[in-house]
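Welcome, and please take a moment to look over the sequence and the 3D view below. We will then walk through the structure together, one part at a time.

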Amino acid sequence: MKPMRKHTMLACALIGALLAGNAGASALEQFKSFVAGTKAAKGEFTQRQVRKADSVGKVAPASSGQFEFARPGKFIWVYQKPYEQLLQADGERLFIYDKDLNQVTVKKLGDALGSSPAAILFGSNDLDKNFTLAEAGTRDGLEWLKATPKNKDTSFEEIGIGLRNGVPEAMELRDTFGQTSVLSFKNFQRNPALGAAHFKFVVPKGADVIGN
């Protein structure tokens, strides 16, 4: 079986943030307002890896695509460039479809979402249970919030969330190996009508299915 692509592993763990909040409010106030007021959303993303100063080798090319989510645990995360790939969850299972391989990998969503970066977008509103949240100052015109997972078994050490006028525009994901991935968001639509049926995954014709 072909190894999972690096951006896919990040998205599995990951798979922003969205709207609501008041201009001039602290990052924590804006973010809590967003979480409380955003039950569903859709938008576009770009993702890139930041090289460490002492690192060698190639950095993965930037990727981009679209996302949709409905809390809790339902989402569609589509990579369109540099190649096509789909991650989709129906609240119980996560489906990873690699178009080049015509292969679907199925995983149980379970509790794995809780302390991962994905919980910030797709999980429940009970973020304080899984993360320690703290103000992280102003940078690049954004108010930053730092989220540190309480579960030490997670592959991420720290998650930064940058907000402007109540809109989260960026995430910085630093893993336990010191690598940082940066996600940027645009064209958010808050609380569109996305029913449960919208997130039901249909296996593409002829695709191999792995897992449960």
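What does the accessible surface of the chain come to, and what share of it belongs to carbon and sulfur atoms? The surface comes to about 10700 Å², and 50% of it belongs to carbon and sulfur atoms. Please keep in mind throughout that you are looking at a predicted model. The chain has 212 residues, of which 45% count as buried. Its secondary structure consists of three helices and 12 strands.

Let us begin with a run of neighbouring strands. Strand E7 covers residues 131–139 and strand E8 covers residues 142–149; the two run antiparallel and are joined by seven bridges.

Strand E9, residues 156–164, pairs with E8 in the antiparallel sense over five bridges. Here Lys 146 has Gly 160 in E9 as its bridge partner. The hairpin that E8 and E9 form has six residues between the strands.

From E9 we can go on to strand E10, residues 167–175. Eight bridges join these two strands, which run antiparallel. Within the pairing, Ile 159 stands opposite Leu 173 in E10. E9 and E10 form a hairpin with two residues between them, where Asn 165 takes a positive phi near 50°.

Now for the aromatic rings. How many aromatic pairs does the count come to? The count is eight. One of them is Phe 45 with Trp 77: the ring centres are 4.3 Å apart and the planes stand at 25°, so this pair is stacked. Planes count as stacked when they are under 30 degrees apart. Phe 45 belongs to strand E1 and Trp 77 to strand E3 (residues 74–81), so their pairing ties together parts of the chain that are 32 residues apart in sequence. Are these two residues buried or exposed? Phe 45 is buried, with a relative accessible area of 2%, and Trp 77 is buried too, at 0% relative accessibility.

A second pair to look at is Phe 185 with Phe 188. Their ring centres are 5.7 Å apart and their planes are at 35°, so the pair counts as tilted. Both Phe 185 and Phe 188 are buried.

Thr 46 is in strand E1, which spans residues 40–50. Is Thr 46 buried or partly exposed? Its relative accessible area is 38%, so Thr 46 is partly exposed. Leaving out residues up to four places away in sequence, Thr 46 touches Ser 63, Ser 64, Val 182, Leu 183 and Ser 184. For Ser 63, which is 17 residues from Thr 46 along the chain, the C-alpha atoms of the two are separated by 5.7 Å.

Glu 68 is found in strand E2, residues 63–70. At 15% relative accessibility, Glu 68 counts as buried, because the cut-off for that is under 20%. Which side chain does Glu 68 meet in a polar contact of 3.1 Å? It is the side chain of His 198. Apart from neighbours within four places in sequence, the residues in contact with Glu 68 include Ala 41, Lys 42, Phe 75, Leu 194 and Phe 199.

Our last stop is Ile 210, in strand E12 (residues 208–211). This residue has 30% relative accessibility, so it counts as partly exposed. Ile 210 and Ile 96 are 114 residues apart in sequence, while their C-alpha atoms are 9.7 Å apart in space.

How values were computed. Residues numbered from 1 in each chain as written. Predicted model: local features only at pLDDT ≥ 70, side-chain atom pairs only at ≥ 80, totals over all residues. Heavy atoms only, no water. Helix = DSSP H or I, 4+ residues; strand = E, 2+ residues; numbered from the N terminus. Buried < 20%, exposed > 50% of the residue type's maximum accessible area, 1.4 Å probe, protein only. Contact = heavy atoms within 4.5 Å. Polar contact = N/O pair within 3.5 Å; in protein donor to acceptor, adjacent residues only side chain to side chain. Pairing = 2+ DSSP bridges. Phe/Tyr/Trp six-rings, centres within 6.5 Å; stacked < 30°, edge-to-face > 60°. Areas by Shrake-Rupley, 256 points an atom, 1.4 Å probe, with all protein chains shown as cover.
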